[in-house]
Amino acid sequence: MAEFLKTNDQRRILHVDLDAFYAQIEMRDNPDLKKVALIISRDPQESHGHGVVATANYEARKLGVHSAMSAAQAKRLAPDAVFLRPNFDKYRAVSQQIQAIFKQYTKKIERVALDEAYLDVTDSPHRSTAIAAKIRHQVMAQTSLTCSVGVSHNKLLAKLGSENHKPNGVTVINPEDVLDFIGNLKIADFRGVGARSEEKFKGLGIENGYQLRALSIETLRANFGKMGDHLYWQARGVHFGRVMWQRQRQSVGKEETFDYPLRQRQQISQEFKKLATKLVTLLQNKQLSGRTINVKIRDDQYRTINRSLTKEGAWPVDVEAVQNAAQQIFDHAFEEEFSIRLLGISFSNLQDNHYQNISLFDQAD
Ligand SMILES: [Mg+2]
């Protein structure tokens with residue numbers, strides 16, 4: 001079974017998570033707070049029992065306090081705790097310092113929260129573990145804060161890794177270790193398993209990742225609906241979600257200006273063929289496709305027309321299809337004589353095919 005589960009995912013992903021971020025910053029700025037249970041939240045006595053715990057230091061966590069818990073409940077668990085209102089301006093400033101460190105290693109950064117980010121370092125010449133060590137060192141040197149890092153080949157494993165040795169730890173999950181690592185997780189460690197699903201799993205006699213993996217996809221769907229599929233793949237450490245870094249391309253295109261105006265339809269069709277060939281190669285290299293094809297035409301009077309055709313699904317990334325679509329747009333715009341100085345074809349409404357094209361089964365070796 002193990003061979004069947006092997007996926008050929010060549011990516012290198014880090015998940016970096018600052019430990020008890022807000023609480024750690026407050027303790028750094030006021031060391032007296034290190035000795036007490038510290039809860040970042042409005043004091044329930046001031047807020048008439050309202051308020052939610054943003055985070056808590058490890059002293060408070062030992063008493064059972066955790067983020068998203070009501071402040072009133074936290075107060076019952078830790079009556080002597082110090083409550084501090086969050087100072088988001090301060091936390092944002094620290095977060096920016098940390099982002100600047102990440103940017104030295106990759107531009108592919110998905111910021112999940114002020115204290116948490118995924119980094120895709122696949123293109124870096126450095127080893128993932130070296131990057132993880134350097135980031136931790138720099139974060140400490142520049143902000144005096146600790147963080148935990150998970151290193152693996154997808155976001156799910158990187159995230160599970162950073163949670164594995166909290167606080168102030170690094171976990172590397174290599175492909176050959178994935179099934180054991182996942183197998184040893186408690187059922188509550190899986191994404192999307194809350195208190196209710198945990199109870200349900202208990203009823204089924206499922207307590208860890210090995211037992212989860214033994215369940216069929218049908219059983220999981222029957223008990224957990226849509227989440228059943230997620231759990232099935234999580235139990236195998238498979239996850240193709242990409243690191244959603246900010247700068248997404250708006251369009252991809254090619255254009256050509258001519259020294260002498262083109263006046264024959266035959267010439268136009270030849271130029272469209274050249275452009276389509278270049279564009280298709282570009283799209284294939286970037287693993288992109290688009291729902292909208294745009295054609296730009298400029299005549300010798302410098303009049304420019306832009307026409308688009310949008311499809312329900314993606315256009316085929318195919319020279320003939322692109323050429324024909326462009327020609328059709330052209331013929332419609334210029335039925336009789338013309339004198340053309342520029343032609344361009346581009347695609348917009350882009351989609352990334354990189355991970356959609358990967359069949360889980362084709363990847364098994
Ligand atoms: Mg954190």
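User: Which loop is the place of Pro167?

Analyst: This is a predicted model, and in it a cis peptide bond joins Lys166 and Pro167, with omega at about -10°. Most peptide bonds are trans. As for where Pro167 sits, look in the loop between α7 (155-164) and β8 (170-172).

User: What is phi of Ala68, and where is the place of that residue?

Analyst: Most residues other than glycine have a negative phi. Ala68 isn't a glycine, yet its phi is positive, near 75°. The place to look for Ala68 is the loop between α3 (58-62) and α4 (71-77).

User: Which strands are at the edge of the open sheet of three strands?

Analyst: The strand order is β3-β2-β4, and the pairing is mixed.

User: In which sense do β2 and β3 pair, and which residue in β3 is the bridge partner of Ile39?

Analyst: β2 covers residues 38-40, and two bridges link that strand to β3 in the antiparallel sense. Ile39 has its bridge partner in β3, and that partner is Ala56.

User: Which helix lies across β2, β3 and β4, and at what angle does that helix run to β2?

Analyst: The helix is α2, residues 21-29, and it lies across β2, β3 and β4. Those strands make up the open sheet with the order β3-β2-β4. Relative to β2, helix α2 runs at about 120°.

User: How many bridges join β5 to β6, and which residue in β6 is the bridge partner of Glu110?

Analyst: β5 (residues 109-113) and β6 (residues 116-120) run antiparallel, joined by four bridges. A hairpin takes the chain from β5 to β6 through two residues. For Glu110, the bridge partner in β6 is Tyr118.

User: Are α11 and α12 parallel, perpendicular or oblique to each other?

Analyst: Two packed helices are described by the angle between their axes and the distance between the axes. For α11 (residues 217-224) and α12 (residues 227-234), the axes come within 7 Å and cross at roughly 140°. Roughly antiparallel would need an angle over 145 degrees. The two helices, α11 and α12, are therefore oblique.

User: What about α9 and α11: at what angle do they pack, and is the crossing left-handed or right-handed?

Analyst: α9 (residues 195-203) packs against α11 at about 130°, with the axes 11 Å apart. That makes α9 and α11 oblique to each other. When α9 passes α11, the crossing is right-handed.

User: Which residues in α11 do Ser197, Lys200 and Phe201 meet?

Analyst: Those three residues are in α9. The contact of α9 with α11 divides into three nonpolar residues, two polar and one charged.

Note on methods: Residues numbered from 1 in each chain as written. Predicted model: local features only at pLDDT ≥ 70, side-chain atom pairs only at ≥ 80, totals over all residues. Heavy atoms only, no water. Pairing = 2+ DSSP bridges. Contact = heavy atoms within 4.5 Å. Axes fitted to C-alpha atoms, helices over the stretch in contact; angles between N-to-C directions. Parallel < 35°, antiparallel > 145°, perpendicular 65-115°, else oblique. Left-handed = near helix turned anticlockwise from the far one by under 90°. Nonpolar A, V, L, I, M, F, W, Y, C, P; charged D, E, K, R; others polar.
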